[in-house]
Amino acid sequence: MQPLLIGARLDELRAALTTTHAAQWRRLYEQCDWYRGQTPPAEHPTASITYLGPAAMNLALAYRLTGQPGYLAEARRWIGTAVSYPHWGKAKLPDHDLDAGWLLHGLSLAYSWLRDDLPDDEADALRSKLLLQGERLYAFAVETEGTWWSSSYWQNHNWICYAGLAAAGYVLDRPQWSDRARDNLGTVLDLMPVDGSDAEGVVYWRYGVPWLAIHLDLLQHAEGIDWWERGGFLRHTFDWRLHQCAPGFEENVDHGDCHDRRSGHSVALYHKLAAVYRNGRARWLADHVAERHYWREAYASGVRPGVMPEAGYELLWYDPQVPAVDPAVTAPTTAHFPDLGQVTARTGWHEGAAFVSFKSAPGGGHTAWDTADRFRRDKGWETLNAGHHHPDAGSFVFGAHGAFLAVDDGYCNRKRAAHHNLVLVDGQGWAGEDRYHVYKDLPYERQARLRDVLAGGGMVHATAESAAMFDPTLGVRRVDRTLVFTPAGRLVILDELAAEEPREWTFLLHSDWPAEFVDGDVVLRSGPAQAWVRRFAPRDTTVTQGATEIEANPTASTPSLRIVRTLHTVRVRVAPTTDTRILTAIEPTTALAPAPATAEAAASVAGTGIRFGDGETVLLAPTTRRIEGAEVRAEAAAVILVPAADGHAARVGVVAGTRVELAGRVVVDSVDPVTRVLPWPA
């Protein structure tokens, strides 16, 4: 077999190092210079050794491209250290988990590229070590089928370990390894959500999804099989990742287990997706991150081994023939990802824009939840490991003017609904929470969902249903949250709450910095931004503020590691009642803006309404589907009125409307409910 991933491309790549690929080559040789100054530990440390795999790969690649003996010498030094360890991995599942997968991949490629240049004894030792570790990982995958990562099709451990096993199988001619890995990859591609979303969140998308691309690349080179279009996930996943960018592209929306808001970009993966799907936006984001944000992510990232070791793939996957396309010019500002039950919206892609992300779905998303239930019934397998998916259905993340204002909890080991911008019932969150995998062993019926979605015309409307997630003994009948994002970047949130017996309801709002109380309003402040939070219903509430501590250990390889993050939490308590509605408006401004919020209640005899100072009006009736106001009569879940502004004509958002009249003019008259953005009637 020719060397994996290079083969006939070797001469082509070598010729491009000083021309089209000069920047990518510089990344690789600077990374190799860094390795030269490091000393890998002589004895296996307690912490992760995943970084040894890409170190061997990068140094081997640099040698194959240049023939410089220094790269070979360094590769031998790093390979020798990895070979000397009796086991790969120490604190958790030695030989059977991520450390083994990372090293099998990196050292298998290094062996493929260097075997004819290594001294015979070193080549034999490396081959023997790869055979040993490959057999250990393969045996574990077979023995644990139907339980842990071997069959956890929606989880990064599965993707990494099988990609490592595939690389070793191809290089060492062990078809039983590569065949099993290929069959698993096919299942993964068939079962991943077509909308490209990832329930593990942006950080684990950045950590795990590159391994699907690595495995597909191996498969295509070694077996001539092209599965890049299989299932649809990989074709669409860049769009999902793009819409997880905070304005300005540097930080990310941190739903799920996110170590921080910066560990979200993979320049290498962006280049691969750009090359395969001719995706100009992916090419643009790769270049943008590499030029502006790369080094900050490298030193601020909480994920190891981090972005720096991806240098080899940045070179191998770069295609200069794909033209860059600026998302700020071509990408929509709203998006809906139905599998994860997520909507996102922004007033623009620039740093000062307002943005929101709102989500509600079963554990792992709809496809994973439904498919895992089928595996459980048909085979007795437990395939869904949704430990990185939080109890956050109905929660939102919101920011504006360059800052996060309403925030999520990030990484957390004991996950609770109280860590999110949600509603508690009698002070309680979800049934079965306060553990790592909050969805484990829940009945199939215990699902949250998102309905009545409008995403377009600069606005978003959606209703999250999460009553099923509470302890049945609470008798919760309804926890429905309707969230609207307006084209001006404001939020309107309506919580409709009901239980069989009187319950206390607590609305939670988390921020990075303590909130302030001004004339009955709550003001969130963070750096250059602030947001005025005005409550319209019910009037009789108790409002307090306190700290919420989030404790995490984001890596099982270092059990002693403990990270604590403090959120500042506003709690709005409604006295015990069987049903209530909490109506809230959030209006962002710059930190120096002196004017308070302009939101006021919109006159209405049916439905609930908020009107802002410039005329933006949100009218809601998510349950009754009946709205009557001064100029609006509608049978609809929502009507959103947007005046002309910034070169945009006036428009109307209609959600689940069968009949809508504006100032006496009928704009919707339909048997089937209509959800769309319409022009303002002439």
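Buried denotes a relative accessible area under 20%, exposed one over 50%, and partly exposed the range in between (1.4 Å probe, protein chains only). The model is predicted, so local features need pLDDT of at least 70 and side-chain atom pairs count only at pLDDT 80 or more, while totals for chains, interfaces and linings use all residues. Residues are numbered from 1 along each chain as its sequence is written, and side-chain values use heavy atoms, with hydrogens and water left out.

**Figure 1. Helix H8 and its covering elements.** Helices (H or I, at least four residues) and strands (E, at least two) are DSSP runs, numbered from the N terminus. Helix H8 comprises residues 175–191, 17 residues in total. From first C-alpha to last, H8 reaches 24 Å, close to the 24 Å expected at 1.5 Å a residue; the expected span is 1.5 Å times one less than the number of residues. Among the buried residues of H8 are Trp 177, Arg 180, Arg 182, Asn 184, Leu 185, Val 188 and Leu 191. The elements that cover these buried residues include helix H6 (120–143), helix H7 (156–172), H9, helix H10 (233–242) and helix H15 (366–379), where contact means heavy atoms within 4.5 Å.

**Figure 2. The largest nonpolar core and a separate one.** A nonpolar core is a set of buried Ala, Val, Leu, Ile, Met, Phe, Trp, Tyr and Cys residues joined through side-chain atoms within 4.5 Å. The largest has 182 residues, and those with the most contacts inside it are Leu 28, Trp 88, Leu 107, Leu 234, Leu 285, Phe 396 and Phe 398. Helix H9 (residues 202–223) gives the most to this core, contributing 13 residues. Another core, of 19 residues, lies apart from it and includes Met 459, Ile 610, Val 618 and Val 642. In soluble globular proteins, nonpolar side chains tend to be buried together.

**Figure 3. Surroundings of Phe 396.** Leaving aside residues up to four places away in sequence, Phe 396 touches Val 356, Ser 357, Phe 358, Ala 406, Asn 421, Arg 481, Leu 483, Leu 491, Ile 493, Leu 509 and Ile 586.

Figure 4. Rings of Phe, Tyr and Trp (its six-membered ring) pair if their centres lie within 6.5 Å; planes under 30 degrees apart count as stacked, over 60 as edge-to-face and the rest as tilted. The whole structure holds 23 aromatic pairs. Phe 375 and Trp 381 form a stacked pair, because their ring centres are 5.9 Å apart and their planes lie at 5°. Both Phe 375 and Trp 381 are buried. One aromatic cluster is formed by Trp 102, Tyr 204, Tyr 207, Trp 211 and Tyr 411. A charge sits over a ring if NZ of Lys or CZ of Arg is within 6 Å of the ring centre and within 35 degrees of the ring normal. Lys 379 lies over the face of Trp 381, at 4.3 Å from the ring centre. Arg 261 is placed over the face of Phe 404, at 4.3 Å from the ring centre.

Figure 5. Two strands pair if DSSP finds at least two bridges between them. Strand E11 (residues 516–518) runs antiparallel to E12, joined by three bridges, and Val 518 stands opposite Asp 521 in E12. Strand E12 (residues 521–526) is in turn antiparallel to E13 through five bridges, with Leu 524 partnered by Ala 531 in E13. The hairpin of E12 and E13 has two residues between the strands, and Gly 527 in its turn has a positive phi of about 55°. E13 and strand E15 (residues 563–590) pair in the antiparallel sense over eight bridges; here Arg 534 stands opposite Ala 585 in E15. Five of the six residues of E12 are buried, as are seven of the nine residues of E13 (residues 529–537).

Figure 6. Most residues other than glycine have a negative phi, and most peptide bonds are trans. The bond from Arg 304 to Pro 305 is cis, with omega near 10°; Pro 305 lies in the loop between helix H12 (280–300) and helix H13 (311–316). A cis bond also joins Ala 537 and Pro 538, with omega about -15°, and Pro 538 belongs to the loop between E13 and strand E14 (541–552). Phe 249 has a positive phi near 75° and is found in the loop between H10 and helix H11 (267–277). With a relative accessible area of 5%, Phe 249 is buried. Asp 519, in the loop between E11 and E12, has a positive phi of about 50° and counts as exposed at 79% relative accessibility.
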